[in-house]
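Work through the exercises below with the sequence and the structure beside you. Try each task before you read its solution.

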Amino acid sequence: MKKTMKALNLHAVGDLRLDELPVAETQDDEVLVRVAYCGICGSDIPRVFDKGTYHFPTVIGHEFSGTVEYDPKGELTGKRVAVFPLLPCFECESCKAENYALCSNYDYYGSRRDGAMAEYISVKRWNILTLPDSVSLAAGAMCEPSAVACHAVKKLGDLTGKSLLISGAGPIGLIAAMWATNKGAEKVYFFDLDERKIKAARELGFYEYEDGIDVDVSIEGTGAGAALARCLKALKPFGQIVLMGNPSRGIELSQQEYWYILRKELRLLGTWNSSFGEIQNDWRDAISAMSERIITPEKLITHRIGINGDYMYAFEMMRDRTDFYQKVMLEVEDK
Ligand SMILES: [Zn+2]
Ligand SMILES: [Zn+2]
């Protein structure tokens with residue numbers, strides 16, 4: 001077993017370095033994962049260039065898959081795995097109800113503690129999910145966006161015969177559309193400011209939304225007031241909308257737009273992250289949906305960049321939107 005590893009280590013805002021770091025020791029409640037893939041999440045861009053992490057330096061990366069290199073108990077060695085990146089406190093009210101994503105005192109791989117843009121990471125056994133042979137490691141690294149999409153779509157209940165409008169055709173929106181189609185949605189429409197994203201959505205069998213089309217249900221995936229207003233306008237009376245996009249500023253609605261909620265008696269539903277409990281577990285559901293090809297998140301990988309390669313290009317490209325991208329994946333393991 002190697003004693004040191006390469007890792008993308010954030011030393012300060014804007015200062016991301018490929019460092020050679022010691023491989024952290026594996027505790028009894030942990031296993032050592034040899035990382036195969038780690039997706040660059042949209043949230044990693046402000047983390048690197050703007051907001052930073054909770055302390056410096058921090059190895060970033062929280063959307064990952066790999067193979068268990070060492071398990072002190074021997075049970076998982078050699079298994080291909082995905083990892084839930086949130087470490088709950090297990091003590092707060094939310095944790096006691098298995099609502100771990102709502103934990104008031106959590107830790108997190110890749111932001112609050114070292115993450116997975118590294119050759120190795122020791123992770124808690126509790127956070128591990130094994131991947132069946134039918135799910136690739138690349139798809140496995142997309143469990144997080146898949147589980148988030150799954151969590152949002154579940155809020156809408158039975159979709160048989162329904163029309164769905166999604167604002168924002170990024171990876172989570174597209175995976176939500178795949179999921180919704182499997183749950184019976186008849187037609188899934190998208191709007192997005194980026195024409196290229198609409199083109200990609202159409203290639204996956206979805207439709208471009210045009211004003212005047214009424215829909216039964218909607219998912220707002222951008223966190224922008226104008227997008228929310230457009231979704232509210234499109235909904236039929238008694239329609240439901242899931243609010244999924246995380247706003248970067250306040251959301252404002254005009255009186256007219258607000259009236260859509262009142263006059264059409266719309267139902268607004270919030271969604272946050274994903275469930276990872278014994279009973280409700282979006283991650284488990286995402287993996288079985290991948291296995292059955294109900295969702296195919298790996299189709300959304302537009303860039304694969306080796307950890308030794310031009311990783312800074314990937315981050316800057318995402319920041320400046322110089323390329324069209326959906327999912328940018330770091331290939332950590334040398335192939
Ligand atoms: Zn993420
Ligand atoms: Zn908690």
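**Exercise 1. Find out how many of the 10 residues of helix α7 (residues 225-234) are buried, and what this says about the helix.**

Step 1: A residue is buried if its relative accessible area is under 20%, exposed if over 50%, and partly exposed in between, with a 1.4 Å probe and protein chains only; helices (H or I, at least four residues) and strands (E, at least two) are DSSP runs numbered from the N terminus.

Step 2: The buried residues of α7 are Gly225, Ala227, Leu228, Ala229, Cys231, Leu232 and Ala234. Seven of the 10 residues are therefore buried, so α7 is largely enclosed by the rest of the structure.

Step 3: These buried residues pack against the strands β11 (163-167), β12 (187-191), β14 (215-220) and β15 (235-243), and against α8 (255-263), where contact means heavy atoms within 4.5 Å.

This is a predicted model, in which local features need pLDDT of at least 70 and side-chain atom pairs count only at pLDDT 80 or more, while totals for chains, interfaces and linings use all residues. Residues are numbered from 1 along each chain as its sequence is written, chains are lettered from A and ligands numbered from 1 in the order in which they are written, and side-chain values use heavy atoms, with hydrogens and water left out.

**Exercise 2. Describe the arrangement of the four donor atoms around the zinc ion (ligand 2).**

Step 1: Donors are N, O and S atoms within 2.8 Å of the metal (3.2 Å for Na, K and Ca), and sites may look incomplete because water is not among the atoms. For this ion the protein donors are the SG atoms of Cys89, Cys92, Cys95 and Cys103, lying 2.3 to 2.4 Å from it, and their spacing in sequence is C-x2-C-x2-C-x7-C.

Step 2: Four donors count as tetrahedral if all angles lie between 85 and 135 degrees; four count as square planar and six as octahedral if opposite donors are over 155 degrees apart and all others between 65 and 115; anything else is irregular. The angles around ligand 2 are 103 to 119°, so the arrangement is tetrahedral.

Step 3: Cys95, with a relative accessible area of 4%, is buried.

**Exercise 3. Describe the arrangement around the zinc ion (ligand 1), and state which parts of the chain Cys41 and Glu144 tie together.**

Step 1: Cys41 (SG), His62 (NE2), Glu63 (OE) and Glu144 (OE) coordinate this ion at 2.2 to 2.4 Å.

Step 2: Because the four donor atoms subtend angles of 74 to 153°, the arrangement is irregular.

Step 3: Cys41 lies in the loop between β3 (30-40) and α1 (44-51), whereas Glu144 lies in helix α4, so the pair ties together parts that are 103 residues apart in sequence. Both Cys41 and Glu144 are buried.
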